Amino acid sequence: MIVPALLTNDKNELTQMLDVCSKFADFVQIDIMDGKFVPSRSLDKDEIRKLRSSLRCEAHLMVNNPLEWLDAFKDFGAERIIFHFEIEDEKEHIIEEIRKKGFGVGLAVNPSTSLDEFESLVSKVDLILFMSVVPGFYGSKFIPSVLDKIRKFRRIYPHKKTGIDGGVKLDNVRIIKDTGVDCICVGSAILKSTSPYKAYERFLDICNE
C-alpha cells in the first residue's frame with residue numbers, strides 16, 4: 001500500500017494536497033510537527049479541526065503531547081493515530097486514551113530506536129511505523145540500515161502490520177518493498193512531483209511488479 005504523506009505548515013496547501021490526492025488515492029497520512037519533538041512546525045489543532053476531506057486518513061503525530069491532538073483529528077475524521085515511542089509520556093496510557101476515542105493506534109519508531117526498546121508495546125498497537133529518516137522535514141536523507149531492522153522485526157512478528165516512512169523514492173522503493181513491509185508512506189516524491197498522480201501510479205507499478 002502506497003500512502004501519500006502530507007506535510008505542510010500552510011492550511012491552504014494542505015487543502016490543495018488533500019484535493020490532489022483525492023483524485024488517485026483513497027488513504028493518506030497527515031504529518032503533524034510541534035516544533036518541540038522535532039524542530040519544524042506544521043499546522044495547529046484549530047486549523048486541523050476546521051478542515052474536511054472525503055479521503056480516509058491517519059495522523060502521524062511528531063509531537064510531545066499526542067493526546068492534545070485527538071479531538072481535532074476526531075473532528076477531521078482520521079481513522080488512526082500514530083505517535084512516537086521516543087516521547088517521554090507513559091505509552092500504555094496514551095494507547096488507552098487513543099482507543100477510547102475510537103481510533104486505531106500506530107507506534108512510530110525512530111531510526112536509532114532498537115527493537116528490544118519497544119517490544120513490550122508491539123501487541124498493544126495495530127501498526128509499527130519505522131522511520132527511515134530523522135523525522136521532521138520533507139526530503140530528508142534515507143537511512144538504509146532501517147531495512148535490516150524491518151526484516152528482523154518481521155521475522156519475530158510476522159503478523160504485525162508494518163509501515164515505513166521517510167526518504168522513499170522511486171530508486172529505493174523496490175528494496176523497501178522486498179522487506180515485506182505493508183505500508184509505504186511517500187511524501188515529497190509524490191506531493192512535490194510535477195505530476196503527483198503519475199508519481200503515485202509509478203510507485204504502485206513498482207510495488208506490483
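Reader: Is V146 buried or exposed?

Author: A residue is called buried under 20% relative accessible area, exposed over 50%, and partly exposed in between (1.4 Å probe, protein chains only). V146 is buried, with a relative accessible area of 1%. The model is a predicted one, in which local features need pLDDT of at least 70 and side-chain atom pairs count only at pLDDT 80 or more, while totals for chains, interfaces and linings use all residues. Residues are numbered from 1 along each chain as its sequence is written, and side-chain values use heavy atoms, with hydrogens and water left out.

Reader: Where does V146 lie, and which residues does V146 touch?

Author: Helices (H or I, at least four residues) and strands (E, at least two) are DSSP runs, numbered from the N terminus. V146 belongs to helix 6, residues 145-156. Contact means heavy atoms within 4.5 Å. Not counting residues up to four places away in sequence, V146 touches P111, F130, M131 and S132.

Reader: How is a side chain's polar contact read, for instance at T179?

Author: A polar contact is a pair of N or O atoms within 3.5 Å; within protein, one must be able to donate a hydrogen and the other to accept it, and residues adjacent in sequence count only if both atoms are side-chain atoms. A polar atom of the T179 side chain lies 2.7 Å from the backbone oxygen of I176, and one lies 3.3 Å from the backbone nitrogen of V181. T179 is in the loop between helix 7 and strand 8 (183-186), and counts as buried at 7% relative accessibility. Leaving out residues up to four places away in sequence, T179 touches L147, I150, R151 and R154.

Reader: Which residues of helix 1 are buried?

Author: In helix 1 (residues 11-21) these are L14, M17, L18 and C21. Seen down the helix axis, they fall within an arc of 100°, so they line one face of helix 1. The arc is that of the directions from the helix axis to the C-beta atoms. The exposed residues N12 and Q16 are on the face turned away from the buried side. Among the elements covering the buried residues are strand 1 (2-6), strand 2 (27-33) and helix 3 (70-76). At the N-terminal end, D10 caps helix 1, with a side-chain oxygen 2.8 Å from the backbone nitrogen of N12.

Reader: What are the buried residues of helix 4?

Author: Helix 4 (residues 91-100) has K91, I94, I95 and I98 buried. They cover an arc of only 100° around the axis, which puts them on the same side of helix 4. Their cover includes helix 3, strand 4 (80-84) and strand 5 (104-109). After helix 4 comes G102, with a positive phi near 90°.

Reader: Which residues line the largest pocket?

Author: Rolling a probe the size of a water molecule over the atoms shows where empty space is left. On a 1 Å grid over the protein atoms alone, a pocket is an open set of points where a 1.4 Å probe fits, with protein on both sides within 12 Å along at least five of seven lines; lining residues have an atom within 4 Å of a point. The lining of the largest pocket includes M33, D34, R41, N64 and W69. About 170 Å³ of space lies in this pocket.

Terms used
Grid points are joined across faces, edges and corners, and a volume is the space filled by probe spheres set on the points.
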